[in-house]
Amino acid sequence: MADPNPRILPYGMAAIAEAAMRITRGECVAVPTETVYGLAADAGNADAVAGIYAAKGRPSFNPLIVHVADAAAAEALAMFDDDARVLAARFWPGPLTLVLPLRDDAGIASLVTAGLATVALRVPRHRAMQALLAAVGRPLAAPSANASNGISPTRAWHVASSLGIRVPLIIDDGATDAGLESTIVAGRTILRPGPITAAELPFATVPHIKESAITAPGQLATHYAPAKPLRLNATAAQGDEWLIGHGPITGDDMLSASGDLREAAARVFDALHRADASDRARIAVAPIPDVGLGEAINDRLRRAAHR
Ligand code: TXA
Ligand code: MG
């Protein structure tokens, strides 16, 4: 396990000022968004972006999401078509990432896109990420702030326990709201289900594609694995399992006692972190209905169970 004692500052002017200074001099900083905590660096600074990959231990072929303050800043980096403009107008700022053709003059380090001709863009809603974007005045590349193949962080301590002093500063603004990474859309295909469901999109989408069919890197099957074996669709704990319950199935921990999928999405990574930290050798999770937000939750749970 990484050194558990990085510098953590509560969200506020002092934290944003220090974070902006660190990013401007080429460091990376962990910052909450409304989905999960991100590990942010100047997207135009190749050395700084290399620092993200190094801190995460991430394979360098896996491209990063670029965060910008608003749609106008996004249009300076990528080519938008009518569909993309409709989505941006409806869901930004918010938990939607658009994969779009990169502009030649975007000034994004090629390490960010892993050499692809497209870039993944997102305008986050969270006050901390918005304040940081305003203070730095540059696009910020930010993957989830966890070691590669670890569980995405929804709280500052998740970042600290995963990355330790490999991240120089963590801005703590409590638990994230959505709890799952952003929905990624390319054209009319959902590349990654997320907080914005297929039914909420203004056009019919191609269902999100299977890992084997993905040409862009990054949708690795093991992307979200906890350290312990995980069993899905469990109706009761077996042996030494830590049961994460949901709805009528009561466990050591609960996603949502009332079966609310929004609450379950916000809690699922936190529950996996707690299960990993528990004294039990195995984890089991109750069934989650595969509708609406349940689709994104089940996507993450299947990845977590795939080892
Ligand atoms: O909610 C989120 O999206 C969080 C917060 C921090 O913004 N970020 C996040 O980033 O989940 P990351 O790096 O863990 O996941 C980015 C995903 C990867 O699956 C990557 O392969 C995909 O986006 N991606 C990035 N650029 C892409 C591109 N040009 N084409 C297709 N997929 C791309
Ligand atoms: Mg991630």
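Which residues does Trp92 touch, not counting residues up to four places away in sequence? In this predicted model, they are Ala71, Ala74, Phe80, Leu87, Leu98, Leu121, Arg122 and Val123, where touching means heavy atoms within 4.5 Å.

Let's step back to the surroundings. Trp92 is among the residues with the most contacts inside the largest nonpolar core, which has 47 residues. Such a core is a set of buried Ala, Val, Leu, Ile, Met, Phe, Trp, Tyr and Cys residues joined through side-chain atoms within 4.5 Å; buried means under 20% relative accessible area, exposed over 50%, partly exposed in between (1.4 Å probe, protein chains only). Elements giving two or more residues to this core include strand E3 (37–42), helix H4 (82–91) and helix H2 (46–56), and H2 gives the most, with five. Helices (H or I, at least four residues) and strands (E, at least two) are DSSP runs, numbered from the N terminus. Apart from this core lies another, of 23 residues, Trp242 and Ile288 among them.

Now look at the rings. The whole structure holds one aromatic pair: Phe80 and Trp92, edge-to-face at 6.1 Å centre to centre, with 75° between the planes. Rings of Phe, Tyr and Trp (its six-membered ring) pair if their centres lie within 6.5 Å; planes under 30 degrees apart count as stacked, over 60 as edge-to-face and the rest as tilted. Phe80 is buried at 10% relative accessible area, and Trp92 is buried at 9%.

Residues are numbered from 1 along each chain as its sequence is written, and chains are lettered from A and ligands numbered from 1 in written order. Local features need pLDDT of at least 70, side-chain atom pairs count only at pLDDT 80 or more, totals for chains, interfaces and linings use all residues, and side-chain values use heavy atoms, leaving out hydrogens and water.
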